[in-house]
Amino acid sequence: MDEEIWELRLYVAGQTVKSVTALTNLKRYCEEHLKGRYVIEVVDLLENPQLAEGDQILAIPTLVRKVPSPIRKIIGDLSNQERVLVGLDIRPAHK
Amino acid sequence: MTPAAAALPQLPKAPTGIDGLDEITNGGLPLGRPTLICGSAGCGKTLMSVEFLVRGALEFDEPGVLMAFEETADELAANVTSLGFDLKQLVADKKLRLDHVHVDRSEIEETGEYDLEGLFIRLGYAIDSIGAKRVVLDTIESLFSGFSNQAVLRSEIRRLFRWLKEKGVTTVITAERGDGSLTRQGLEEYVSDCVILLDNRVVNQITTRRLRIVKYRGSTHGTNEYPYLITENGISVLPVTSLKLEHDVSNEVVSTGVPGLDEMFTRRGLYRGSSVLITGTAGTAKTTLAAAFAAEACRRGERSLYFAFEESPQQLLRNMDSVGLHLRPFVEQGLLHIEASRPTLNGLEQHLVTIHKLIAQLQPRTVIIDPISNLVSVGSLTEVRGMLTRLIDYLKVQGITALFTALVSGGRTNQEMTEEGVSSLVDTWIHVRDLEGIGERNRGVSILKARGMAHSNQVREFLVTSEGIRLLDVVIGPGGIVTGASRHTQYMQEQAAGLAAQQEIERRERELERKRRVLEATIANLRTEFESVEEELRRSNQEEEQRQHELTQGRRQIAAGVGQRPGGATPGSESSNS
């Protein structure tokens, strides 16, 4: 379980403040809790609008946890760390 | 009305192609603007919006996007297949794009700021991929259950509608009816151009769906509640009254199928394309008159449609056979179609749709509804009247001659009133009634009105014989027109009087003959008498002449022979001398 690579996908629409904030926050959490076993894919819907349908994206930014299953979605700029961790089901490693 | 006003550009509209809706909205939904369709569960909101898209794609070459928040694309496609809409084919033809938006709060965690740009991008992508002109969001209110931040949601929805307007797509948004407001989430605040309210009412166990245009900015529209139906061919809205009264009229006259009745009209029949109402109490041969009318139309080779609400086709055929109206051959030739159903089978509107559909299918020249009074059992009087108004309008526009029968109650006061109040709608009104006398009932027919034609004012007695309906000649007795046994009495009296008069004439002639003979005899007598007198006179005259002659002779002899002896021998000697 611990060895599993987390696949995270962040949907954004251009370089908006919210998107940039979200990506920064995400990277920070991952470095803290999932160091070395995560992949972040950023999908810009302005460039690839057809991808929005697949993951049922409505809100921007949306973070989708593809692996491990089940799929989980977190919307917003990920500024609330506690909720992001709960949402992604990450148990803080250092505690 | 003025030319200047007519020249002003009208609000551009996107025709829906839905039966009747374009009529009420004066051409369709506002082009390039959002329209809200709201209503409670089971009203057909989704169906109406899907039909808007399908008709747009098929009839007006406007591709559409359906963004479904509640049903998946497959479910939707399956649901509307029953209406003959093949969504999958349309999708394959790139005329339609289905996008199912799945919103589930349990799967979504909200952390901080967000917006619904993803929805915009999806919708924008869908619109651009097929060049859509029409968009349906069914039902966008589902978003409210998916996101907890109402403030963001509302501002995003507001932005969505603005964005859709800018894109110039005609949008239909469906929403669930709320308590005390049109929609649960107050969506009507955002969509201000056109709001259509659908309603589903159950009165006396019969459901009627109604549609009302709550508002339509920048356009006139029908303001009433219009019943609508979900039929096998989609939604059909029925405007209660046609917006205009300008159908063509025919000057051609068709027979009623009863020769005597035709003669009561100065033009010997009814105008083609007019509507006729036959009212009467029970058992006054309304159906027989109606069937005679149908049979006559069939004899002319015209297709007829007979709606029987009381009898089954077989029963009707048998009963009409008994009075010499043989309808069966016409049915077999396909000229006569009898559609029998119980009025309570359907709601009024459903009946109307059935009638419309059969008319469209069979293209009859004559339509008979027997009787309309039975429809009251499934609707209130106002509703029945509304339905009949629409039906009569429809038939007139189609140029179909229509005949309705109606049962009226036997009370004296309202004998000539129809409960349905359709009498003002029909062109010709024939009333059949019982003429009840002492110990007998007779049937009488009269014409109460006939628009555009003078008609007889008499109540004509008629008989239903095994050869059909026969109007009897008018018999006028001392107290007016007489019927039944009085008619016979009158007839017999007249016969007796006639006989007596005849005998009197004969007697007088004999008398005259006698007098003539007497006179002739007298004349003969007189002539004989005269002849005898004449003879007498003539003889005496001759004798006188003889005597005179002899006298003259004698004198001459006397003068010549003075010496001769007078005596008897003288004449003898004279004669011997010569």
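Student: In this predicted model, how many of the residues of strand β7 (residues 134–138) of chain B are buried?

Tutor: A residue counts as buried if 20 or more other C-beta atoms lie within 10 Å of its own. Arg134(B), Val136(B) and Asp138(B) point one way from β7(B), while Val135(B) and Leu137(B) point the other way, and all are buried. Strand β7(B) is therefore described as mostly covered, and the number of its residues that are buried by this cut-off is five of five.

Student: Which residue of β7(B) is the bridge partner of Leu66(B)?

Tutor: Strands of a sheet pair through backbone hydrogen bonds, either parallel or antiparallel. Strand β4 (residues 64–68) of chain B and β7(B) pair in the parallel sense over five bridges. Within β7(B), the bridge partner of Leu66(B) is Val136(B).

Student: And in strand β8 (residues 170–176) of chain B, which residue is the bridge partner of Arg134(B)?

Tutor: Strand β7(B) also pairs with β8(B), in the parallel sense and over four bridges. In β8(B), the residue that partners Arg134(B) is Thr170(B).

Student: Which are the edge strands of the open sheet of nine strands in chain B?

Tutor: The order of this sheet is β17-β16-β18-β19-β15-β20-β21-β22-β23 of chain B, with mixed pairing, and the twist averages 25° from one strand to the next. An edge strand here is one that pairs on one side only. The strands that do so are β17 (336–340) and β23 (468–471) of chain B.

Student: At about what angle does helix α13 of chain B run to β16(B)?

Tutor: Helix α13 (residues 348–362) of chain B lies across β16, β17 and β18 of chain B. The angle at which α13(B) runs to β16(B) is about 160°.

Student: Which element supplies the largest share of the side of chain B that touches chain A?

Tutor: The contact takes 21 residues from chain B and 27 residues from chain A. On the side of chain B, β6 (108–110) and α6 (117–130) each supply at least two residues. The largest share, seven residues, comes from α6(B).

Student: Which residue of β6(B) does Ile74(A) stand opposite?

Tutor: Strand β4 (residues 72–75) of chain A is joined to β6(B) by three bridges, and the two strands run parallel. In β6(B), the residue opposite Ile74(A) is Glu109(B).

Key
Residues are numbered from 1 along each chain as its sequence is written. Chains are lettered from A and ligands numbered from 1 in the order in which they are written. This is a predicted model: local features need pLDDT of at least 70, side-chain atom pairs count only at pLDDT 80 or more; totals for chains, interfaces and linings use all residues. Two strands pair if DSSP finds at least two bridges between them. Axes are lines fitted to C-alpha atoms, for helices over the stretch in contact, and angles run from 0 to 180 degrees between N-to-C directions. Two residues are in contact if their C-beta atoms, placed from the backbone, lie within 7 Å. A residue is buried if 20 or more other C-beta atoms lie within 10 Å of its own, exposed if 12 or fewer, and partly exposed in between; C-beta atoms are placed from the backbone.
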